[in-house]
Amino acid sequence: MKKLLLATALTAVAASGAYAGSHGNEVKIGIALGFTGPLESLAPPMAGGAELAMKEASDAGNFLGGTMVTPVRGDSTCVDASVATAVVERLITSDGVKGIMGAMCSGATGAALANVAVPNGMVMISPSATSPGLSTVEDNGLFFRTAPSDARQGEVMTSVIMDRGIKTVAVTYTNNDYGKGLADSFVAAFTAAGGTVTANVPHEDGKADYSAEVATLASAGGEALVVAGYVDQGGSGVMQGALDTGAFDLFVLPDGMVADVLEEKFGSAIDGSFGQYPASVGEGRTRYVDLATAAGVNAGSVYSGEAYDAAALILLAMQAAGSAEPGDYVGKIFDVANAPGEKILPGELGKAFEILAAGGDIDYEGASSVELIGPGESGGSFREIIMEGGKVTEVGYR
């Protein structure tokens with residue numbers, strides 16, 4: 001597996017000595033998210049989740065011998081590769097971060113990884129970049145994600161649709177790495193399962209009018225419209241156009257379309273619409289919700305828990321290596337994320353630091369039942385939702 005074969009170039013950035021990289025008893029961790037752009041409503045809860053893990057590490061008092069953790073935010077937008085590259089470069093070269101929680105969207109993540117993180121030997125753990133293409137990207141073993149690939153989401157979405165007896169759908173997708181990757185994955189899975197895709201139409205974000213796309217989708221027909229887009233941009237635009245013209249009133253909503261703003265934009269007009277997004281159930285999830293809620297973080301927002309886990313993995317790997325230098329701790333990420341070792345849940349980072357300092361092993365489960373597979377990504381479970389009474393309502397897990 002490519003994550004287990006670290007490039008020899010990384011050794012050049014490894015620092016010697018106990019607690020390397022913790023200058024003045026402070027370690028900076030970058031938070032690169034789309035605070036503006038087509039998913040801006042999801043960024044604050046994700047940043048809040050990551051910062052919750054960093055505060056927990058600082059408050060524990062035993063992270064790298066009492067080192068404090070300072071978050072540094074950067075707006076990588078979501079779809080502007082040049083901005084994402086510039087922001088991550090600033091985090092590394094000017095702000096001096098030792099790891100990056102992010103980026104948020106797949107295109108921005110791929111650009112920042114290739115143009116900045118890899119050349120600088122910097123670890124990136126994304127909580128939300130789900131393009132299947134990132135599974136095979138050349139990353140020198142530096143890139144991980146706590147969200148599953150959309151190759152998996154395409155399969156799950158197929159089963160969610162088929163279980164409702166729906167056999168024909170139209171598809172629209174945001175015309176970028178995320179949208180095309182998810183659409184391709186879904187179309188392959190759905191047709192293999194015996195379904196029919198009547199149309200597969202891209203849309204651009206930021207347009208004022210989606211009548212042309214809606215007309216094409218309407219002429220093709222289908223029992224439902226799959227919207228592989230962004231809830232703060234084009235995805236909602238296409239949905240509104242479909243509602244206005246009567247083309248569709250039943251929508252399938254993957255991760256980029258599930259947020260509180262969905263209720264504000266559409267309410268009961270899309271009752272019966274359904275979908276899924278990566279999430280887990282169990283004690284780890286419950287503990288995270290309690291911690292985040294007490295801290296004023298919207299724990300129910302998509303990828304908030306995964307952001308907590310991404311930051312936690314960076315911190316735990318640093319502790320396991322006894323160093324904050326990326327070249328030292330990157331090889332410990334799989335070790336702290338997977339068995340064997342004592343299970344670690346949200347709120348237990350201090351306990352984990354103690355175990356690691358004593359030479360013990362941990363198995364970080366976190367908020368999203370973390371288990372890194374193959375190329376350093378989550379295997380993933382999904383929360384199924386439906387719109388009822390104008391509200392996003394949980395159905396169950398897959």
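Below are my entries, in the order I looked things up.

**Entry 1: what I am looking at**

I am working from a predicted model, and side-chain atom pairs count only at pLDDT 80 or more.

**Entry 2: cavities**

How many cavities of 30 Å³ or more does a search of the whole structure find? I got two.

I then listed who lines the largest cavity: L39, L42, M104, C105, S106, S128, T130, Y178, Y230, D255, G256 and Y303. I sorted that lining by type and noted seven nonpolar residues, four polar and one charged.

For the second largest cavity I wrote down T146, P148, P278, A279, E306, S368, S378, G380 and S381. Here the lining divides into three nonpolar, five polar and one charged. I kept C105 in mind from the lining of the largest cavity, and went to the cysteines next.

**Entry 3: the disulfide**

I counted one disulfide. Its partners are C78 and C105, with their sulfur atoms 1.6 Å apart in the model. The torsion about the S-S bond is about -70°, so I logged the disulfide as left-handed. The pair links distant parts of the chain, 27 residues apart: C78 sits in the loop between β2 (68-75) and α2 (81-93), and C105 in the loop between β3 (100-102) and α3 (106-117).

Are the two cysteines buried or exposed? C78 counts as buried because its relative accessibility is 1%, under the 20% cut-off. C105 is buried as well, with a relative accessible area of 3%.

Most residues other than glycine have a negative phi, and most peptide bonds are trans.

With that in hand, I checked T77, which is found in the loop between β2 and α2. Its phi is near 50°, a positive value in a residue other than glycine. T77 counts as buried, since its relative accessibility is 14%.

In the loop between β3 and α3 I looked at A103. The peptide bond from G102 to A103 is cis, with omega near 0°.

Which residues does another cis peptide bond join, with omega about 5°? I found A339 and P340. P340 is in the loop between α12 and β11.

I also flagged S369, in the loop between β12 and β13 (372-373). Phi of S369 is near 55°, again a positive value in a residue other than glycine. S369 is partly exposed, with a relative accessible area of 34%.

Next I turned to α13 (residues 349-357), and asked which of its residues are buried. My list reads L349, G350, A352, F353, I355 and L356. What covers these buried residues includes α1 (43-60), α10 (304-321), α12 (333-337), β11 (342-344) and β12 (362-364).

I looked at what flanks the helix too. G359 follows α13, and its phi is positive, near 90°. In the loop between β11 and α13 I found E348. E348 is buried, with a relative accessible area of 14%. I then looked up its contacts: leaving out residues up to four places away in sequence, E348 touches E56, R287 and K343.

**Entry 4: L262**

My last stop was L262, which lies in helix α8 (residues 260-266). Its relative accessible area is 0%, so L262 is buried. What does L262 touch, not counting residues up to four places away in sequence? I noted V231, M239, L253, M257, G267, I270, M387 and V392.

L262 and V83 are 179 residues apart in sequence, and 27 Å apart in space, C-alpha to C-alpha.

Key. Residues numbered from 1 in each chain as written. Predicted model: local features only at pLDDT ≥ 70, side-chain atom pairs only at ≥ 80, totals over all residues. Heavy atoms only, no water. 1 Å grid on protein atoms, 1.4 Å probe; cavity = no way out; pocket = protein on both sides within 12 Å on 5 of 7 lines; lining within 4 Å. Points joined across faces, edges and corners; volume = space filled by probe spheres on them. Nonpolar A, V, L, I, M, F, W, Y, C, P; charged D, E, K, R; others polar. Helix = DSSP H or I, 4+ residues; strand = E, 2+ residues; numbered from the N terminus. Buried < 20%, exposed > 50% of the residue type's maximum accessible area, 1.4 Å probe, protein only. Contact = heavy atoms within 4.5 Å. Disulfide = S-S within 2.5 Å.
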